[in-house]
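Me: I would like to go through the labels attached to this structure one at a time, asking in each case what value stands behind the word.

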Amino acid sequence: MNTKNNKRRKESQEKIEKAFVELLQSREIKEITVADLIKMTGLNRSTFYANYLDIFDLADKTRERLENDFSNLFADYDYFNEHSGALKMFTHIKENQIFYKTYFKLCYDEKHLISVCDPRRAEQERVAENLKYHIEFFRNGLNAIIKLWLSGGCKESPEEMAEVLKQEYRGRR
């Protein structure tokens with residue numbers, strides 16, 4: 001049975017997603033076909049269509065998974081310990097560079113910005129008055145730092161990047 005959480009179905013989705021991400025490294029999304037994916041994965045066309053409407057649906061589901069993975073990193077996050085959270089984030093990005101490059105290549109960051117900003121923390125620190133501006137500034141700055149780091153091949157360690165973020169967020173002294 002092809003149920004939603006079926007192990008075989010999940011394995012097929014992972015294969016398709018991996019092939020899709022691989023193809024995105026050398027092609028634009030509009031150049032990728034279902035035929036390309038089934039050839040790379042060895043799966044049937046019907047398997048692709050049992051999981052996705054089309055290539056753009058695949059791209060959206062890939063983004064959703066990545067965002068969920070990213071959010072789950074911070075499920076138990078202590079918002080008052082920025083360094084450990086930033087370190088966790090940069091470590092995850094370094095370990096999953098290809099997915100983050102793909103995320104930014106598809107311009108999802110313009111709609112679904114990656115952020116670890118928490119409105120609860122802002123409320124406790126009494127910055128809620130202008131919170132929407134703070135969040136927008138922080139998200140765009142964080143995304144810019146991540147993109148620059150990725151484009152350089154993540155040469156700096158996650159620890160160094162966490163320190164960069166800490167210095168920029170707190171202001172130079």
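Me: Why does Tyr52 count as buried?

Reply: This is a predicted model, and in it Tyr52 has a relative accessibility of 5%. Buried means under 20% relative accessible area, so at 5% Tyr52 counts as buried.

Me: Where is Tyr52 found, and which residues does Tyr52 touch, not counting residues up to four places away in sequence?

Reply: Tyr52 is found in the loop between helix H3 (45-51) and helix H4 (55-73). Leaving aside residues up to four places away in sequence, Tyr52 touches Gln13, Ile16, Asp57, Leu58 and Lys61. Gln13 lies 39 residues from Tyr52 along the chain, and the C-alpha atoms of these two residues are separated by 9.1 Å.

Me: What makes the aromatic pair of Phe48 and Tyr52 tilted?

Reply: The structure holds four aromatic pairs. In the one formed by Phe48 and Tyr52, the distance is 5.3 Å centre to centre and the angle between the planes is 45°. Rings pair if their centres lie within 6.5 Å, and planes under 30 degrees apart count as stacked, over 60 as edge-to-face and the rest as tilted, so a pair at 5.3 Å and 45° is tilted. Phe48, like Tyr52, is buried, and ring pairs link Phe48, Tyr49 and Tyr52 into a cluster.

Me: What type of aromatic pair do Tyr103 and Phe104 form, and why do Tyr103 and Phe104 count as buried?

Reply: Tyr103 and Phe104 form an edge-to-face pair, with 5.6 Å centre to centre and 90° between the planes; the angle is over 60 degrees, which is the condition for that label. Tyr103 has 2% relative accessibility and Phe104 has 10%, and because buried means under 20%, Tyr103 counts as buried and so does Phe104.

Me: Which residues make the contact of H6 and H8, and how do they divide by class?

Reply: From H6 the contact is made by Gln97, Tyr100, Lys101 and Phe104, and from H8 by Asn143, Ile146, Lys147 and Leu150. By class, the contact of H6 with H8 has four nonpolar, two polar and two charged residues.

Me: How do helices H1 and H2 pack?

Reply: Helix H1 (residues 7-24) and helix H2 (residues 34-41) pack with their axes 9 Å apart, at an angle of about 115°, and their crossing is right-handed. In H1 the residues Lys15, Ile16, Ala19, Phe20, Glu22 and Leu23 meet Asp36, Leu37, Met40 and Thr41 in H2. The residues of this contact divide into six nonpolar, one polar and three charged.

Terms used:
Residues are numbered from 1 along each chain as its sequence is written. This is a predicted model: local features need pLDDT of at least 70, side-chain atom pairs count only at pLDDT 80 or more; totals for chains, interfaces and linings use all residues. Side-chain values use heavy atoms; hydrogens and water are left out. Contact means heavy atoms within 4.5 Å. Helices (H or I, at least four residues) and strands (E, at least two) are DSSP runs, numbered from the N terminus. Ala, Val, Leu, Ile, Met, Phe, Trp, Tyr, Cys and Pro count as nonpolar, Asp, Glu, Lys and Arg as charged, and the others, Gly among them, as polar. Rings of Phe, Tyr and Trp (its six-membered ring) pair if their centres lie within 6.5 Å; planes under 30 degrees apart count as stacked, over 60 as edge-to-face and the rest as tilted. Buried means under 20% relative accessible area, exposed over 50%, partly exposed in between (1.4 Å probe, protein chains only). Axes are lines fitted to C-alpha atoms, for helices over the stretch in contact, and angles run from 0 to 180 degrees between N-to-C directions. A crossing is left-handed if the near helix is turned anticlockwise from the far one by less than a right angle, and right-handed if clockwise.
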